[in-house]
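These are my notebook entries on a single protein chain. I set out to look up its helices, its strands and the contacts of its side chains.

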Amino acid sequence: MPRSTTYTVTVQFGDCDPGGIVFFPNFCRWMDAASLTFFMQCGVKPWRVLENERGIVGTPLLEINTKFLKTATYGDTLTVHTHIEEWRRVAFTQVHRVLRGDELICEGREVRAFVKRDDHDRERLRAIPVPEDIQALCS
């Protein structure tokens, strides 16, 4: 079983559309926060520290797929359960299951890559092989 972490969100009134339903981009925002939380809960140093020590800027999003099953509204407490589904050479697939209690609200899959700044053009990012030590912490 892969390592899994949780990130909890209390839905605020401002997270919702006029009908009182969570506006869909907020799920992406919460899954992004859960992605960072996953690495930190696994013992990976913050991205700014990794950038200073090893040049690793972070894990930008390459692809996202989100399936909405139920609605959520303000006052709901949601828990995002996150794990790595697949490690590849320069990318990985992260799965986020958003639950309200035991009820699955939304499921998202993200493909991300570890990146460093290009040696010749510091504005440009380039994917690097998944660091083995980070993979070991998160598996």
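**Entry 1: salt bridges**

I began with Asp-15, which is buried at a relative accessible area of 10%. The model is a predicted one, and I read every value below with that in mind.

I looked for the partner of Asp-15 and found a salt bridge to Arg-29, with the closest N and O atoms 3.0 Å apart. Asp-15 sits in the loop between β1 (4–10) and α1, while Arg-29 belongs to helix α1, so the pair ties together parts that are 14 residues apart in sequence.

I next noted a salt bridge between the side chains of Asp-32 and Arg-112, at 2.7 Å from N to O. Asp-32 lies in helix α1 and Arg-112 in strand β6 (residues 103–112), so this contact ties together parts 80 residues apart in sequence.

I then turned to Arg-97, which forms a salt bridge with Glu-107, the closest N and O atoms being 3.2 Å apart. Arg-97 is in strand β5 (residues 92–100) and Glu-107 in strand β6, so the pair ties together parts that are 10 residues apart in sequence. Arg-97 counts as partly exposed, at 32% relative accessibility.

I also recorded a network of salt bridges that links Lys-70, Asp-76, Arg-100 and Glu-103. The count for the structure comes to 13 salt bridges.

**Entry 2: helix α1**

I checked the dimensions of helix α1 (residues 25–41): the helix has 17 residues and reaches 24 Å from its first C-alpha to its last, close to the 24 Å expected at 1.5 Å a residue. Which residues of α1 are buried? I listed Asn-26, Phe-27, Trp-30, Met-31, Ala-34, Ser-35, Thr-37, Phe-38 and Phe-39. After α1 comes Gly-43, with a positive phi near 100 degrees.

I took Ser-35, a residue of helix α1, for a closer look. Ser-35 is buried, with a relative accessible area of 2%. Leaving out residues up to four places away in sequence, I found that Ser-35 touches Thr-59, Gln-94, His-96, Glu-110 and Arg-112. One of these, Arg-112, is also the salt-bridge partner of Asp-32.

**Entry 3: strands**

I traced an open sheet of three strands in the order β2-β7-β8, with antiparallel pairing. Strands β2 (56–58) and β8 (125–127) stand at the edges with a single partner strand each, so one side of each is left without a neighbour in the sheet. Neighbouring strands of this sheet are turned by 50 degrees against each other on average, direction ignored.

How many bridges join β2 to β7? I counted two between β2 and strand β7 (residues 115–117), which run antiparallel. Gly-58 has Val-115 of β7 as its bridge partner. Helix α2 (residues 47–54) packs on the sheet and touches β2 and β7; the direction of α2 makes about 160 degrees with that of β2.

I then examined strand β3 (residues 61–68), which is hardly covered: among its eight residues the count of buried residues is zero. Seven bridges join β3 to β6, and the two run antiparallel. Glu-63 stands opposite Val-111 in β6.

**Entry 4: aromatic rings**

The ring centres of Trp-47 and Phe-114 are 6.2 Å apart and the planes stand at 80 degrees, so the pair is edge-to-face. This pair links distant parts of the chain, 67 residues apart, with Trp-47 in helix α2 and Phe-114 in the loop between β6 and β7. Trp-47 counts as buried at 16% relative accessibility, and Phe-114 counts as buried at 0%.

For Trp-87 and Phe-92 I noted ring centres 5.4 Å apart and planes at 40 degrees, so the pair is tilted. Phe-92 counts as buried, at 0% relative accessibility.

Which residues form one aromatic cluster? I recorded Phe-38, Phe-39, Trp-47, Trp-87, Phe-92 and Phe-114. Among them, Phe-38 and Phe-39 are on the list of buried residues of α1.

Definitions and conventions: Residues numbered from 1 in each chain as written. Predicted model: local features only at pLDDT ≥ 70, side-chain atom pairs only at ≥ 80, totals over all residues. Heavy atoms only, no water. Pairing = 2+ DSSP bridges. Helix = DSSP H or I, 4+ residues; strand = E, 2+ residues; numbered from the N terminus. Axes fitted to C-alpha atoms, helices over the stretch in contact; angles between N-to-C directions. Contact = heavy atoms within 4.5 Å. Expected span 1.5 Å × (residues − 1). Buried < 20%, exposed > 50% of the residue type's maximum accessible area, 1.4 Å probe, protein only. Salt bridge = Lys/Arg side-chain N within 4 Å of Asp/Glu carboxyl O. Phe/Tyr/Trp six-rings, centres within 6.5 Å; stacked < 30°, edge-to-face > 60°.
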